[in-house]
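Here are a few friendly notes to read alongside the structure. Take them one at a time, and keep the 3D view open as you go.

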Amino acid sequence: MKRGDQLQGTLELLILKTLEREPNHGFGITLHVQTVSDGLLRVEEGSLYPALHRLDRDKLIEGEWRQTPNGRRARIYALTAAGKKRLREAEANWTTVAKGVQRVLRVV
Amino acid sequence: MKRVFAWWRRRRSEAWQEEIDSHLALRAEWNQAHGIAPEEARRQARRQFGNSLATLEAVRAVYVRPWVETLVQDCRYALRGFRKAPAFSAVAIATIAIGVGAASAVFSAIDPVLFRPLPYPKDEQLVSVGYSAPVDNYEFHIVSSYLDWRQHQTAFQSLTAMRPGGQCDLVAGETVLQLGCVAVEDNFLQTFGVQPLLGRSFRPEEDRPHAPTVLLISYGLWQRVFGGDPHILGRLVTLDEEHSRIVGVLPRGFEMPQLGNPDVLLPARLDDSLPRSANSSSMLRAFARLRDGVTMEQAREQMQPLFEQALRLDVPAELRSEVRLVIRSLRDRQIHEVKLASWMLLGAVVALLLIACANVANLLLARAASRRRELALRAAIGASGARLARQMLTESLVLGLAGGAAGCGVAWALLRFSVRLAPEGLIRLEQARIDLRVLGFALAVSIGSAVLFGMAAAVERPRAETLAGSRAPGMGRTWFRKSLVAAQVALSLMLLAGASLFLRSLWKLENQPLGFRPERLVTASFTLRRHRYQPAAAQAAFFRELEARLASIPGAGPFAVSDSIPPRGSMGRPYSNIRIAGHRALAANGGMVAFRRVTPGYFQALGISILAGRPFTESDRASGEWPVILSATLARRMFGNENPIGQRIALDGAGAWSMVVGVAADAKNNGISAPADPEYYRLRMNDGRGVGREGVALFRSGLDPASLTLWIRRELAGLDPTLPVTVETMETRVGRFAERPRFVATLVALFAGIGLLLAGVGLYGVLSFLVSQRTQEIGVRMALGAQARDIALQVQGYAAVWTGIGVVLGLAGALALTRTVRGLLYDVVPGDPISLSLAVMALAAIAALAAWIPAHRAARVDPVVALRQQ
């Protein structure tokens with residue numbers, strides 16, 4: 001299942017990478033991406049949730065209602081085995097694309 | 001169902017909303033932790049999140065496939081539309097229900113005949129093997145040549161046989177039962193791939209002559225008589241006064257290859273030590289299983305030498321040219337008589353279904369015409385043509401499925417009616433029911449017809465200019481609708497033609513001269529038990545006593561005793577075996593001659609007239625002579641213009657000479673649809689000649705048949721209380737022979753009637769539509785001076801043209817198709833002008849009626865009102 005939309009693919013990569021560290025809820029994911037990228041990347045909630053549900057539907061991640069450490073109910077997502085595999089592929093793919101783009105940029 | 005879906009949808013939406021709420025709460029908490037006031041923290045969280053409704057929709061879109069959404073939307077839209085037009089929906093659904101229902105009912109009846117696998121594994125390998133000869137409608141075998149074949153054949157995996165017919169008396173404890181018993185070879189069950197439910201099949205040593213009897217009993221008998229006793233194996237019972245051991249129980253629903261469910265199977269115990277002549281007069285039915293990959297043609301070729309050898313050894317030279325080898329599939333053997341009728345009924349019901357589809361297509365087109373503005377509007381605000389076409393198809397599918405569901409009810413009712421009408425109308429008819437297979441068929445037919453009539457409605461693309469005004473419908477489309485009507489008329493004429501042919505044929509069949517008078521004649525038939533009436537003298541004594549009792553019939557009337565009665569024949573003897581004293585031998589190829597052994601009262605009791613000579617008399621019965629009476633056909637065939645009375649003839653190869661004392665009129669003796677076979681009558685003599693175990697008492701009197709039935713039962717019970725007797729009137733007996741033609745004729749007539757009604761409604765609908773579309777035009781013409789009569793005539797003219805075209809097409813179709821059902825007709829030719837004219841007249845009458853109403857509505861158009869509508 002290749003998605004033509006590179007941006008969407010990037011968002012999914014970011015989500016999968018974030019969840020690889022530890023299971024997290026939607027808000028946690030936005031926060032993590034923003035923090036780790038030093039505020040360079042911001043995940044829009046309007047795109048985040050459809051993306052999460054797409055990954056959930058495709059069984060790459062698994063959502064479950066749980067209590068957060070400070071006592072709130074939230075839907076926590078965790079990576080599945082298929083999700084891990086997809087993450088490996090997406091990472092390799094991203095590296096290749098990034099390298100390629102960088103070379104092109106250097107030449108021009 | 002709908003509610004469950006709604007609940008589920010709501011639950012899911014709530015979960016998504018909760019997730020969003022939880023996100024907002026977490027963000028607000030985080031904001032607060034960074035020193036923002038609670039109120040402001042929540043506000044910012046919401047602002048950051050953006051449009052939560054849009055997000056919710058986007059999440060929903062992840063799960064819902066777009067086409068499902070569209071389909072649901074279309075279905076809802078269709079249902080709303082149908083609710084708004086209840087009359088339209090009711091008529092459309094009822095029409096589909098009739099079409100689908102009739103088709104499904106017929107399918108459920110013929111499915112076991114034509115399509116469903118037979119209840120044996122690899123049933124396509126099973127064949128029936130035998131000789132075809134004029135003696136029997138079905139192929140048969142004879143023991144002597146069967147024994148040769150069994151030993152030498154290589155064409156089949158296995159060859160097996162059974163003795164035809166067979167009844168036996170079973171004594172189990174206190175009860176005596178007369179059962180259906182069939183003697184089969186030891187490899188019979190194995191050839192058909194059937195395993196006994198309990199116990200085992202016969203062993204070869206049990207299938208030898210004089211071996212002690214062992215039995216396989218049916219599941220039904222096991223349950224009924226032995227209470228399903230699991231320790232039944234090895235039980236001893238008395239079968240025809242012989243101790244017999246039960247060795248197995250047949251599986252539930254076990255069916256014999258020639259149909260029928262016997263109670264008991266016993267070994268055939270064919271005896272190859274008997275002289276060939278003894279074995280060649282004993283009949284068998286033989287079946288075989290083809291080897292893997294061997295076709296029936298190949299098997300036939302391989303069997304040809306054995307067949308020719310058997311002909312030489314067992315068949316008299318003069319009969320050989322009439323005997324053929326038959327190897328045909330078991331299914332063909334089983335459906336022999338009903339194959340043509342089954343296909344014909346299927347064809348009739350398909351015609352009915354097509355008429356129904358044309359009607360619904362017409363209804364949908366009329367509806368589309370009144371909806372063109374709505375559709376044009378939807379097209380104008382952006383619905384694609386494909387989207388609109390798809391919606392039209394969805395609407396038809398919804399209609400089709402609703403009609404199909406109602407059709408299952410119609411099918412059930414029709415099936416009940418059919419089984420009631422004639423249980424013997426088709427084989428396995430009583431087994432027909434609405435099961436999954438039939439429901440699947442109904443579903444497929446509903447969808448198929450929905451696509452068919454939906455296409456008609458969907459081809460019409462709404463054009464934007466339709467929005468502009470109320471132009472009359474384009475020529476193209478009314479042309480299409482009129483052709484639909486013509487097609488309906490054609491189809492319904494074909495059905496009518498078929499129906500009138502079958503009805504006429506049935507009428508002729510039931511009103512033909514039978515050669516005897518069945519009115520008020522009561523018959524009681526029985527077979528004396530072999531073991532109870534062992535010396536022939538005991539049989540003669542029984543019949544003497546029976547005649548004495550018949551003589552005192554209440555109300556006094558004619559009576560007779562025979563061994564068989566019309567309209568069925570006897571086994572018959574070859575014509576060429578008869579010899580005439582002082583004449584040359586009779587021609588070979590004469591076919592078979594039926595014969596009966598009767599008492600002197602036979603001709604009077606049955607009302608068969610004696611054309612020449614005299615009937616038998618009481619004094620004949622005591623004489624040493626054995627007189628004979630010939631049927632008119634036989635006398636003509638044997639003697640031509642010579643006078644047969646007083647001639648001496650020998651009736652079988654070894655027999656003594658008999659004198660012909662009379663010639664009787666022909667009486668049906670081969671069913672009621674075939675012409676009478678030649679026949680002769682012998683007298684039941686006082687010394688026991690001509691008396692056997694078969695007996696039929698027949699008598700008539702002024703009393704009503706019901707009380708006579710009771711009387712004869714009592715008299716026979718007085719003679720032998722254990723003797724099972726079948727008592728029925730001759731009219732019932734004869735009526736049974738017309739059962740299948742009556743079944744076919746009734747169903748086709750029913751379908752034709754419905755088809756005619758539907759075609760009439762179709763014509764009416766189209767004409768009404770034309771009139772309502774042209775109200776203004778008619779108004780203008782009337783304002784300009786046209787007479788009401790001219791307007792009415794014009795509308796009727798339309799009807800006449802399109803009906804006329806339909807009639808021409810229908811007649812051509814009827815002539816072509818009725819030819820194929822020639823085999824189902826009696827004394828009527830397929831192109832019978834009377835039947836065809838009757839059909840055309842019925843159709844014309846309905847068409848005239850259908851045209852009359854709209855024509856008169858058109859004639860009553862008030863020009864003022866019509867023009868004001870502008």
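1. Let's begin with Asp123(B), which sits in the loop between helix H5 (86-115) and strand S1 (126-132) of chain B. Helices (H or I, at least four residues) and strands (E, at least two) are DSSP runs, numbered from the N terminus. Please keep in mind that this is a predicted model, where local features need pLDDT of at least 70, side-chain atom pairs count only at pLDDT 80 or more, and totals for chains, interfaces and linings use all residues. Residues are numbered from 1 along each chain as its sequence is written, while chains are lettered from A and ligands numbered from 1 in the order in which they are written.

2. Which residues does Asp123(B) touch? Leaving out residues up to four places away in sequence, they are Pro117(B), Leu118(B) and Leu330(B). Contact here means that the C-beta atoms, placed from the backbone, lie within 7 Å. Leu330(B) is 207 residues from Asp123(B) in sequence, yet their C-alpha atoms are 7.9 Å apart in space.

3. Now zoom out to chain B, with its 26 helices and 24 strands. Its radius of gyration is 38 Å, well over the 29 Å that the globule rule gives for 870 residues, so chain B is more spread out than a compact globule. The radius is taken over C-alpha atoms, and the rule is 2.2 Å times the number of residues to the power 0.38. Of the 870 residues in chain B, 39% are buried.

4. In chain A, look for an open sheet of three strands in the order S1-S3-S2, with antiparallel pairing. Strands pair if DSSP finds at least two bridges between them. The edge strands, S1 (24-25) and S2 (61-67) of chain A, each pair on one side only. Asn24(A) stands opposite Tyr77(A) in S3(A).

5. Finally, where do the chains meet? The contact takes 14 residues from chain A and 15 residues from chain B. On the chain A side, H3(A) gives the largest share, seven residues. By class, this side has four nonpolar, four polar and six charged residues. Ala, Val, Leu, Ile, Met, Phe, Trp, Tyr, Cys and Pro count as nonpolar, Asp, Glu, Lys and Arg as charged, and the others, Gly among them, as polar.

Terms used: Contact = placed C-beta atoms within 7 Å. Buried ≥ 20, exposed ≤ 12 C-beta atoms within 10 Å, placed from the backbone.
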